[in-house]
Amino acid sequence: MFVKVCGLRTPADVEVSVAAGADAVGFVFTRSVRQVDAETVRGLIADVPETVLTVGVFAGIPAAEAGRIALEAGVGAVQLHGDYPKPAFEELAGGPYRLIRATTLTAATDVTVGAYGEDMLLLDSPIAGSGETWDLSALAGSRPDGDWLLAGGLTPANVTAAIEAAKPWGVDVSSGVEATRGVKDHELIRAFVTAAKG
Ligand SMILES: O=C(O)c1ccccc1NCC(=O)[C@H](O)[C@H](O)COP(=O)(O)O
């Protein structure tokens, strides 16, 4: 099970996530309580092993701008969150980063992994980073194959059941490993990674 811990802001958040066994660490570059800038992220990921994917999360800005910031920060993947059309992904194709298409089951016109040229698909709740769950039974009949991540209101307590229900390739968490909004709880990060991988 591929596990991404998202919305990290401090060196300790990153260190704990990597030590806990996270496969990817995510940084939010869009307006949010979790927002960080490229210079900060460059410092945060300096000691992250190459085996751990570093992900920049973008929403509401042109794809080219997201690509430029990703290069400045040095992240290994660009996650375009929301209503980005296929040409936005095509614009970034061939860059030195992997691409993640983050959408919702209802908004997506195609949930085939790679339909927009992305390396991974992420299916989230309607309000990204809100900690709200969504109805996983809606996946029946339209569950993607391949490298797709489940997100939306996952916690150490519910991730096992969510994996059983949705059968994703990976999971992504932010709110469910926070003590208060935007502030990560390191024990919850450890518990989440252990539960997801267990
Ligand atoms: O985290 C944010 O504030 C955010 C804002 C705008 C776009 C995306 C954002 N976050 C993306 C993620 O953290 C995750 O991919 C995912 O939405 C998980 O969220 P959560 O339900 O909080 O676990």
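On one side of helix 3, A64 and E65 are exposed. Helices (H or I, at least four residues) and strands (E, at least two) are DSSP runs, numbered from the N terminus. The model is predicted: local features need pLDDT of at least 70, side-chain atom pairs count only at pLDDT 80 or more, and totals for chains, interfaces and linings use all residues. Residues are numbered from 1 along each chain as its sequence is written.

Helix 3 spans residues 63–73, and its buried residues are A66, G67, A70 and A73. Seen down the axis, these fall within an arc of 130°, so they line one face of the helix. The arc is that of the directions from the helix axis to the C-beta atoms. An α-helix has 3.6 residues a turn, so residues three or four places apart point the same way. The buried residues of helix 3 pack against helix 2 (38–44), strand 3 (53–58), strand 4 (77–81) and helix 4 (86–92). Contact here means C-beta atoms, placed from the backbone, within 7 Å. G74 follows helix 3 and has a positive phi, near 85°.

Helix 5 covers residues 159–166, with V159, A162 and I163 buried. Their arc around the axis is only 100°, which puts them on the same side of helix 5. T160, A161 and E164 are exposed on the other side. Strand 7 (148–151), strand 8 (170–173) and helix 6 (186–197) are among the elements covering the buried residues. K167 lies in the loop between helix 5 and strand 8. K167 is not a glycine, yet its phi is positive, about 50°. With 13 C-beta neighbours inside 10 Å, K167 counts as partly exposed.

The largest nonpolar core has 59 residues. Such a core is a set of buried Ala, Val, Leu, Ile, Met, Phe, Trp, Tyr and Cys residues joined through C-beta atoms within 7 Å. V5, V25, F27, V55, V75, V78 and V171 touch the most other members. Leaving aside residues up to four places away in sequence, V5 touches S17, A22, V25, G26, V173, V177 and I189.

Around the ligand stand 26 residues, of which S32, A128, G129, S174 and S175 come nearest. A residue is near when its C-beta atom, placed from the backbone, lies within 6 Å of the molecule.

Notes
Buried ≥ 20, exposed ≤ 12 C-beta atoms within 10 Å, placed from the backbone. Contact = placed C-beta atoms within 7 Å.
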